Amino acid sequence: MPTLIQNGTVVSADGQRQSDVLFEGETISQVGPNIPSAGHTVIDASGLLVMPGGIDVHTHLDMPFGGTVSADDYRTGTIAAAVGGTTTVIDFALQSRGHTMAKALETWLGKSDGKACIDYGLHMAVTDLGPGDGAQGLAEMEVMVRRGISSFKLFMAYPNVLMIDDGLMFKVMQKAGALNALCCVHAENGSAIDIVVAQMVAAGKTAPHYHAHSRSTKAEAEATHRAIAIADMAEAVVYIVHLSNEDSLRELKHAQQRGLRALAETCPQYLVLSLEDHMPGKSWDEAKYVFTPPLRKKHNQASLWHALEDGTLSVVSTDHCPFRFADQKSLGKDDFTKIPNGGPGIENRLQILWHFGVNSGRLTPERFVELCCTAPARIFGMPQKGVIAPGKDADILLWDPNRAYTISAETHCMATDYSMFEGWTVSGNTRHVFSRGELVVKDGKWIGQTGRGRFLKREANAGGLA
Ligand SMILES: [Zn+2]
């Protein structure tokens with residue numbers, strides 16, 4: 001039986017209106033006022049906002065890092081996402097040096113198959129183009145795009161593990177440009193950072209907050225500039241992931257003003273957490289906030305919020321990369337370089353952005369939908385997602401803008417034993433969530449089947465800028 005959502009306010013990136021939404025099977029069939037209810041299952045959305053399901057384009061589920069594996073697998077990670085109002089994620093398949101991209105894809109599809117609870121896509125992190133001139137790797141990129149992997153991730157940080165040099169980056173970007181694929185870049189000058197890290201360790205500075213101090217905003221800004229410049233030379237569209245500070249923002253803005261095709265995202269942790277408040281250098285507890293790029297000084301937050309408002313930043317993702325405090329973060333108890341990098345956030349993205357963005361008046365509800373749902377679908381080649389309109393997937397979030405919720409590791413669905421926002425009470429939370437027409441979250445609780453999520457073949461559309 002078709003489902004009719006009545007009496008709600010539909011929020012899209014370009015406006016809000018009182019409207020009913022009808023969907024049949026997996027697809028939205030009608031959006032408009034006063035749709036007759038006869039023959040339909042009716043959901044009363046009085047007092048609720050009806051929005052497209054959230055899209056989180058930056059997650060690391062079941063990912064090996066520093067001798068351990070991120071705590072959420074595809075089951076717990078995607079359930080947490082859904083409970084937080086997100087109906088699509090894009091995760092990263094990591095190519096290992098000396099191995100093919102095909103092998104990485106197979107590995108990640110193996111991790112997700114039978115476990116993913118919402119729809120998901122994959123980026124391919126390229127670390128190696130194979131022997132000689134790299135023809136083998138470049139040919140593989142074509143295969144990846146045909147298989148729906150329309151974005152490639154490049155690391156300018158983590159030498160000897162993931163970092164590639166400028167030449168390899170240029171080569172990958174040239175190919176990506178020719179394929180209309182998007183280049184996602186982790187922009188930090190890894191070579192310089194590793195020298196600072198070694199100097200700190202030699203000086204006995206091994207507490208968690210030295211992780212943050214070893215990775216300056218200048219190191220991020222330099223790499224941001226270089227990534228954009230090389231993408232421009234290679235005629236590719238570049239998307240800077242997890243941009244964290246004012247210095248990097250200045251590089252991005254300058255490039256955009258010159259008409260370069262450069263996009264970027266930031267993440268909730270950089271908007272609401274700071275070095276002063278969460279990493280003053282007092283306790284081991286601060287390992288909870290060891291991620292990369294690190295927390296920044298507070299003054300950066302206002303600039304990031306402003307950039308979300310004025311469109312310099314296009315997307316808010318999480319960089320969800322969860323590790324338990326008790327037995328995973330503890331690997332670096334005596335040495336910050338051994339603390340697994342990452343924080344848990346997949347479940348809280350919409351809550352944090354709504355509470356600190358919309359409730360505070362910094363963002364309109366329309367801009368919230370653009371940043372969390374519509375822009376991610378457009379930039380990452382998912383035309384069936386991110387918009388409430390006939391013919392689109394019925395990924396629908398019923399959001400209660402007034403529902404107070406206290407964030408805590410005691411009650412969250414993520415597999416970590418801590419929350420980055422422990423004890424914070426936010427106003428605005430998920431009520432119900434439909435994923436391709438199926439009610440998967442009811443009154444804030446997951447009720448869907450494990451493994452129902454599908455792999456999404458994404459289009460190569462040059463970040464929606466072609
Ligand atoms: Zn990441």
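Colleague: What spacing do the donors of the zinc ion follow along the chain?
Modeller: The pattern is H-x1-H-x258-D. Bear in mind that this is a predicted model.

Colleague: Okay, and which residues are the protein donors of the zinc ion?
Modeller: They are His58 and His60, each through NE2, plus Asp319 through OD. These donors lie 2.1 to 2.2 Å from the zinc ion.

Colleague: Thanks! Switching topic: where is alanine 307?
Modeller: You'll find alanine 307 in helix α11, which covers residues 299-310.

Colleague: And is alanine 307 buried or exposed?
Modeller: Alanine 307 is buried, at 0% relative accessibility.

Colleague: What does alanine 307 touch, leaving out residues up to four places away in sequence?
Modeller: With those set aside, alanine 307 touches Leu249, Thr312 and Leu313.

Colleague: How far is the C-alpha atom of alanine 307 from that of lysine 253?
Modeller: The two C-alpha atoms are separated by 9.0 Å, while the residues sit 54 apart along the chain.

Colleague: Let's zoom out. Which domains does the domain assignment give?
Modeller: There's domain 1, made of 3-51 + 387-406 + 426-446, and domain 2, which runs 53-384. From domain 1, 28 residues take part in the contact, and from domain 2, 24 residues.

Colleague: How far apart are the C-alpha centres of domain 1 and domain 2?
Modeller: Those centres lie 30 Å apart.

Colleague: And how much area do domain 1 and domain 2 bury between them?
Modeller: About 2,300 Å², with 61% of it on carbon and sulfur atoms.

Colleague: How many salt bridges are there across the interface of domain 1 and domain 2?
Modeller: There is one salt bridge across that interface. Arginine 436 forms a salt bridge with aspartate 119, and their closest N and O atoms are 2.7 Å apart. For polar contact, the count between domain 1 and domain 2 is nine residue pairs, both residues being at pLDDT 80 or more.

Colleague: Which strands each supply at least two residues of the side of domain 1 that touches domain 2?
Modeller: Those are β2 (9-12), β3 (15-18), β7 (49-52), β18 (396-406) and β19 (425-435). The largest share of that side, seven residues, comes from β19.

Terms used
Residues are numbered from 1 along each chain as its sequence is written. This is a predicted model: local features need pLDDT of at least 70, side-chain atom pairs count only at pLDDT 80 or more; totals for chains, interfaces and linings use all residues. Side-chain values use heavy atoms; hydrogens and water are left out. Donors are N, O and S atoms within 2.8 Å of the metal (3.2 Å for Na, K and Ca); water is not among the atoms, so sites may look incomplete. Helices (H or I, at least four residues) and strands (E, at least two) are DSSP runs, numbered from the N terminus. Buried means under 20% relative accessible area, exposed over 50%, partly exposed in between (1.4 Å probe, protein chains only). Contact means heavy atoms within 4.5 Å. Domain bounds come from an automatic or database domain assignment. Buried area is the accessible area (1.4 Å probe) that two parts lose on being put together, summed over both. A salt bridge is a side-chain nitrogen of Lys or Arg within 4 Å of a carboxyl oxygen of Asp or Glu. A polar contact is a pair of N or O atoms within 3.5 Å; within protein, one must be able to donate a hydrogen and the other to accept it, and residues adjacent in sequence count only if both atoms are side-chain atoms.
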